[in-house]
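The report that follows takes up strand pairing and then the surroundings of the ligand. Please keep the sequence and the structure in view while reading.

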Amino acid sequence: MIKAITGTKDILPVDISKWHYLENLLRETFQLFNYKEIRTPIFEETALFARGIGEETDIVSKEMYTFKDRSETSITLRPENTAGVVRSFIEQSLGAQQSLNKLYYIGAMFRQERPQAGRLRQFHQFGAEALGSTSPLLDSEMIQIAYHILKNLGLKNLVVKINSLGIPEVRENYKNVLRDYLKDKKDNLSEESRKRFDTNILRIFDSKIEVDQQIMKDAPLLIDYLDEQSKNDFNVVKNYLTKVGIPFEVDPALVRGLDYYTKTTFEIVSGSVGSQSALCGGGRYDLLVEELGGKATPGVGFAAGMERILLACENEKSLNLPQDSIDAYLIRVDSKTEQNLELDLKLELELINLSSKLRQGNISCDYDYLNRSIKAQMREANKFNAKYVVFVGGDEFNRGELNIKNLSNGEQQLIKIEDFEKLKSIIKS
Ligand code: HAM
């Protein structure tokens, strides 16, 4: 038997209402904040991610699904969507049409990580990118949007963490300070962190290994070395969040796993999902557009993991969704037989007629295709949470009538077959 690829998941009909609920909330929220949807391809040239996210990041060096297509072009399934959106922004000259582009997306991303609860190889993100302004109001707006969505899902156990990585010159200077601090402690670091000492020194802050954490506890912090502009912008972000009532923590160790960030970075973590606790993350990337060949344009954005968010909702039992239901289930009273082909045809035509008229009248309905007994058809009706069943057949049908039953109170009434409007109004009531 062929099975699904490790780290991928089927989203089955029993779970789909949660996804629809989340997707509707996202679209409503982005509409509230005036963001427009953008859909970019799920695969791009490998160079886009290598250059955009950074060669030395875990994502690019270890996690990408990269392959050559038949014309020997190196293709990568998108591990995230900021690079793709920026590529599209440049290629489609979106900046020339609109001085500030506020964009959002929802879609599948791919990373070959070790699967565990809340970590998949194909997962879904929603995210937003605002391109064209250096204003820290937009950094704050990103946090506000993410927080608004998570709060509206009923999530409680949330912590908003913010940090500033400053401008690149400051960061380069600071890296030297950090290198100095770690120089004589390097041999005590874990193997992974020793490697990062040379390739991506800031990421040592991310290490979950005890020895590394002990050493980094007393390390000098980038936030104490910020330039004036970054400091001012960071203050605006803090003031904004305070003003709109979003509690936050400044976390000077929040360095994020992608190389494109400048100034503000943030994450919202949940205490309800175990070790993969980051529900969303983002920040400012003022140099990325230029680095990818566009005209210098500042940007800021975030992305959130939808599986993780739904896991948090499940663990906190925060979603109380109505059960799926249909308005009516049509029950065929006389089973199909070889003996009475004429009746058989009449019933079938009536089922077709009724079901299509109901659907045209915006009433959801279904009927049996498997020639099942009345009892079995009733079981189906209950399984689908039908509000009404309509019996088609028997003596009533021969008299030109239909029997309609309200399944919530058991009330039944007979109506004339021609009186479709009455049937409709009962079901709609
Ligand atoms: P990221 O932190 O790599 O940022 O991912 C954002 C979110 O995607 C994470 O917080 C997590 O919820 C979810 N996520 C990441 N990897 C997985 C996985 N393997 N399985 C399940 N969920 C996962 C970015 O992707 C940036 N593009 C965010 C951004 C947008 N920054 C600026 N603009």
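## Strand pairing and ligand shell

Strand E12 and strand E13 (residues 365-367) pair in the parallel sense, with 3 bridges between them, and this description, like everything below, rests on a predicted model. Within that pairing, Ala328 stands opposite Cys365 in E13. The two strands also belong, together with helix H13 (residues 341-360), to a right-handed β-α-β unit. E12 is joined as well to strand E14 (residues 388-392), to which it runs parallel over 5 bridges, and here Tyr329 has Val389 of E14 as its bridge partner.

How many of the 5 residues of strand E12 are buried? The count is 5 of the 5 residues in the strand, which spans residues 328-332, so E12 is largely enclosed by the rest of the structure. In a regular strand, side chains alternate between the two faces of the sheet.

Strand E5 (residues 101-110) and E6 run antiparallel and are joined by 10 bridges, and Gly107 has Gln125 of E6 as its bridge partner.

Turning to the ligand, 27 residues surround it, and the closest are Glu80, Glu113, Leu120, Tyr261 and Ala278. By class, the residues of this shell divide into 12 nonpolar, 8 polar and 7 charged. The table lists polar contacts between protein and ligand.

| Residue | Protein atom | Ligand atom | Distance |
|---|---|---|---|
| Glu129 | side-chain N or O | nitrogen | 2.8 Å |
| Ala278 | backbone N or O | oxygen | 2.8 Å |
| Gly305 | backbone N or O | oxygen | 3.1 Å |

On its own the ligand has 660 Å² of accessible area, of which the protein covers 96%. The elements that give two or more residues to the shell around the ligand are strand E6 (122-131), strand E10 (278-284) and strand E11 (299-305). The largest share of that shell comes from E10, with 6 residues.

Terms used:
Residues are numbered from 1 along each chain as its sequence is written. This is a predicted model: local features need pLDDT of at least 70, side-chain atom pairs count only at pLDDT 80 or more; totals for chains, interfaces and linings use all residues. Side-chain values use heavy atoms; hydrogens and water are left out. A residue is near a molecule or strand if one of its heavy atoms lies within 4 Å of it. A polar contact is a pair of N or O atoms within 3.5 Å; within protein, one must be able to donate a hydrogen and the other to accept it, and residues adjacent in sequence count only if both atoms are side-chain atoms. Accessible areas come from the Shrake-Rupley method with a 1.4 Å probe; for residues, only the protein chains shown count as cover. Helices (H or I, at least four residues) and strands (E, at least two) are DSSP runs, numbered from the N terminus. Ala, Val, Leu, Ile, Met, Phe, Trp, Tyr, Cys and Pro count as nonpolar, Asp, Glu, Lys and Arg as charged, and the others, Gly among them, as polar. Buried means under 20% relative accessible area, exposed over 50%, partly exposed in between (1.4 Å probe, protein chains only). Two strands pair if DSSP finds at least two bridges between them. A crossover is right-handed if, with the strands pointing away from the viewer, the path from the first strand over the helix to the second runs clockwise.
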